[in-house]
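Thank you all for making time this morning.

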Amino acid sequence: MNPTYQYDIHFPAHMDPDKQYPTIFTLHGKGSNERNMFGLVEPLADEFIIVGIRGNLTLGAGFQYYELKSLGNPIREMFDQAVEQLEAFIHYATEKYPIDAAKRYLLGFSQGAILSMTLALTMGEALKGIVALNGYVPEFVKTEYSLKSIQEVAVFISHGEFDSVFPIRIGHETADYIGSLTSRLTFNIYPTDHGVSERNQKDFVNWLKQVNE
């Protein structure tokens, strides 16, 4: 299979050829790229394989995974296709590289956070955990998708208190929804706009280390 997505992959410096490794798949925001995500997870690069997935649609100088009708309103067909193709990519990478299928994590920002939460709901316990930074779950995913249990999936959601793209109300609604489906939710609010602060990064890096133990 030829993967739908271009990607960057980083391996731990001193890999054991007989070992499979926990892996973080990163999903960037609209108009960004996979390299912008690596800095967020670089402190984990000695312990995890890190796969940065680039959106397959161009947007200005950057990329996206799907297009929007309006803010918070994805084009349904493109969104559905992205979810399907990303799940296929995760399976492709798991077969190709020494990835521990029991320790797969997604980490996404904005559009990438929306997709990370959706993939958790469609893949269920095929994922060990996700980090969703400043995102939401589309209504049609909640009501029309075939959802799997995430009771055993660890979820870290964070949102900017002053997020000018997705207001903080959306962060609370998202946490309430995900919290109704798993007891393994961590929800943090940070005094930021639509971005990731150093404190936020430090918290999810420590959380990923703990969850992976």
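Why are Asp 203 and Arg 199 separated by about one helical turn? Please keep in mind throughout that this is a predicted model. The reason is their placement, because the two residues sit 4 residues apart in helix H6, which runs over residues 198-212.

Asp 80 is partly exposed at 26% relative accessibility, and Arg 76 is partly exposed at 22%.

The salt bridge between Arg 35 and Asp 8, at 3.5 Å from N to O, links distant parts of the chain, since Arg 35 belongs to helix H1 (residues 35-41) and Asp 8 to strand S1 (residues 7-10), 27 residues apart. Arg 35 is exposed at 53% relative accessibility, whereas Asp 8, at 23%, is partly exposed. The count of salt bridges comes to 8, and bridges with shared partners join Asp 8, Glu 34, Arg 35 and Arg 54 into one network.

Let me turn to the helices and the interior. Helix H2, residues 76-96, has 21 residues and reaches 30 Å from its first C-alpha to its last, close to the 30 Å expected; its buried residues include Phe 79, Leu 86 and Phe 89. In H3, 13 of 13 residues are buried, and the helix reaches 18 Å, close to the 18 Å expected.

The largest nonpolar core has 44 residues, of which Phe 25, Ile 53, Tyr 65, Phe 79 and Leu 115 touch the most other members. A second, separate core of 22 residues includes Leu 40, Ile 50, Trp 207 and Leu 208. Beyond its neighbours within four places in sequence, Ile 53 is in contact with, among others, Phe 25, Tyr 65, Leu 86 and Phe 89.

Finally, the backbone. Most residues other than glycine have a negative phi. Ser 110, however, has a positive phi near 55°, lies in the loop between strand S8 and helix H3, and is buried at 10% relative accessibility. Asn 134 likewise has a positive phi, of about 60°, in the loop between strand S9 and helix H4, and is buried at 0%.

Key: Residues are numbered from 1 along each chain as its sequence is written. This is a predicted model: local features need pLDDT of at least 70, side-chain atom pairs count only at pLDDT 80 or more; totals for chains, interfaces and linings use all residues. Side-chain values use heavy atoms; hydrogens and water are left out. Buried means under 20% relative accessible area, exposed over 50%, partly exposed in between (1.4 Å probe, protein chains only). The expected span of a helix is 1.5 Å times one less than its number of residues. A nonpolar core is a set of buried Ala, Val, Leu, Ile, Met, Phe, Trp, Tyr and Cys residues joined through side-chain atoms within 4.5 Å. Contact means heavy atoms within 4.5 Å. A salt bridge is a side-chain nitrogen of Lys or Arg within 4 Å of a carboxyl oxygen of Asp or Glu.
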